[in-house]
Amino acid sequence: ARQAGVEGSMRGISRKMLFTYALALCFRLWSTLFYLGYLPVDYSGYFVYQGTDVLTLLVVVNLLSKALQRYPSADEDSFWVSVPIAGALVLGWLVHPNLDNVEHADAAWMSSLWLEAAAFCPQIWMVSRAGRCRSLTAHFVALSFASRCIVALFWLEAYPQLKIMSHIYGEGLVYDFTPGYAVLAAYLLQVLVISDFMFAYLRSARRPQMDSVMEL
């Protein structure tokens, strides 16, 4: 957003990344605006959590509208993102938790996690082909990587809470941990998608760079 506002340039920002990320936010809001299952139990669950996503969505849509006006060439933004999007929707429908206890809302929340992983693919593809990117774009991807690592560590501890009852065996209950594994896998995939970029980012950070462009 700062690059678009201060520099007045959308060069190096993938339109397909913005579109997929906006889609991920819409799917998450589909769940969190109308159901309580995936909201924090503290005061941040009272519209702070959802409000942050709504504001983020507005920013992303604004950036997407600017990117549409100055659309990168097909060679730059050529990643075929429709396949990961379709895969994300299918995976979210097939395997998801049931904290909302409403199948379409649960599937929408789970799909948003896979869509977030898919969103970075076009951007990483653009950067890898160009061998360079705007410094602000590189910092954005790096900070996103850090946030995904933190959330992945959270779910590494919390995924058992997403268990669902599978069946009764003898006098006890048998639980299915597959939804928790799926959530953990979605965040680990997000980390994995960006990890290759991070190696180049950290390596280039030790070299002298131009103010606005980072060589990777």
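These legends accompany several close-up views of a predicted model. Residues are numbered from 1 along each chain as its sequence is written, and side-chain values use heavy atoms, with hydrogens and water left out. Because the model is predicted, local features need pLDDT of at least 70 and side-chain atom pairs count only at pLDDT 80 or more, while totals for chains, interfaces and linings use all residues.

View A. The structure holds 0 disulfides, a disulfide being a pair of cysteine sulfur atoms within 2.5 Å. C26 is partly exposed at 38% relative accessible area, whereas C121 is buried at 19%. Here buried means under 20% relative accessible area, exposed over 50%, and partly exposed in between (1.4 Å probe, protein chains only).

View B. Look for R28 in helix α2, residues 15–32; helices are DSSP runs of H or I with at least four residues, numbered from the N terminus. R28 is buried, with a relative accessible area of 8%. Beyond its neighbours within four places in sequence, R28 is in contact (heavy atoms within 4.5 Å) with Y49, D53, A108, W109, S112 and E116.

**View D. Around W155.** Setting aside neighbours within four places in sequence, W155 is in contact with W109, L162, V183, L184 and Y187.

Key: Helices (H or I, at least four residues) and strands (E, at least two) are DSSP runs, numbered from the N terminus.
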